[in-house]
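Open the structure in your viewer and keep the selection panel at hand. Each stop gives you something to select and says what is there.

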Amino acid sequence: MFHKEGSKIILFSTTLTVAFLLLADTFISTIWLQKTVEIVVLLFLIIILQFFRNPERKVEINDTHIIAPVDGKVVVIEEVFESEYFKDKRIQVSIFMSPINVHVTRYPVNGTVKFSKYHPGKFLVAWHPKASEENERTTIVVDNIEFGEILYRQIAGALAKRIVNYAEQGTQVVQGTDAGFIKFGSRVDLFLPLGTKINVKLNEKVVGGKTIIAIK
């Protein structure tokens with residue numbers, strides 16, 4: 001399965017790949033050079049296809065669990081001051097996504113979307129300390145029956161040039177369902193209430209919709 005956000009790019013890339021293969025076959029007479037060009041363009045198409053893949057995942061819905069919103073590696077677990085919405089201290093858990101990770105964003109909890117805002121900004125590398133406040137990003141808050149308000153933030157990286165956010169204020173959302181997409185490398189920050197029991201460790205690899213980030 002491929003994510004709908006990649007449909008135009010996949011179509012364009014496939015068309016471009018077919019065109020290059022035909023041109024290589026027609027105009028390049030040197031066999032080794034022809035095969036090299038063909039392999040390069042096919043690898044390009046494979047990279048595009050793997051980036052927009054959207055694997056179907058069976059999510060075990062549980063209001064006492066906060067699940068990973070994305071695939072990637074945990075790069076931050078610390079107590080911080082969240083200045084945009086809560087304006088108080090929270091536990092921040094950050095997940096970095098490399099270009100080879102699945103880039104679908106999933107809702108980490110059930111609940112009602114209380115806040116959803118897009119911020120234009122810079123494109124610092126996603127692991128930069130100031131990326132959470134200065135990069136292009138979206139901030140979404142979901143009110144959950146067990147945890148209260150949970151904030152997650154989609155952050156663009158040096159390669160990410162578009163953030164897609166489906167969360168609309170006032171809507172009811174289901175844990176693990178499609179919440180958006182970030183194109184070409186990025187990060188997602190979770191801001192959780194103090195006292196939340198964190199279930200992951202630094203540098204641990206997590207799977208969106210499957211790995212339990214925290215428990216009640």
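Start with β1 and β14: three bridges join these strands, which run antiparallel. Two strands count as paired if DSSP finds at least two bridges between them. Helices (H or I, at least four residues) and strands (E, at least two) are DSSP runs, numbered from the N terminus. This is a predicted model: local features need pLDDT of at least 70, side-chain atom pairs count only at pLDDT 80 or more, and totals for chains, interfaces and linings use all residues. Residues are numbered from 1 along each chain as its sequence is written, and side-chain values use heavy atoms, with hydrogens and water left out.

Select H65. It stands opposite I215 in β14.

The three strands form an open antiparallel sheet in the order β1-β14-β12. β1 (65-67) and β12 (197-198) are the edges; each has a single partner strand, so one side of each has no neighbour in the sheet.

Next, select I66, V93, Y152, L192 and I213. They have the most contacts inside the largest nonpolar core, which has 29 residues. Such a core is a set of buried Ala, Val, Leu, Ile, Met, Phe, Trp, Tyr and Cys residues joined through side-chain atoms within 4.5 Å. Buried means under 20% relative accessible area (1.4 Å probe, protein chains only). β3 gives the largest share, four residues. A second, separate core of eight residues includes I48, F52, V104 and V164.

Last stop: I163, in strand β8 (residues 162-165). Is I163 buried or exposed? I163 is buried, because its relative accessible area is 10%.

Notes. Buried means under 20% relative accessible area, exposed over 50%, partly exposed in between (1.4 Å probe, protein chains only).
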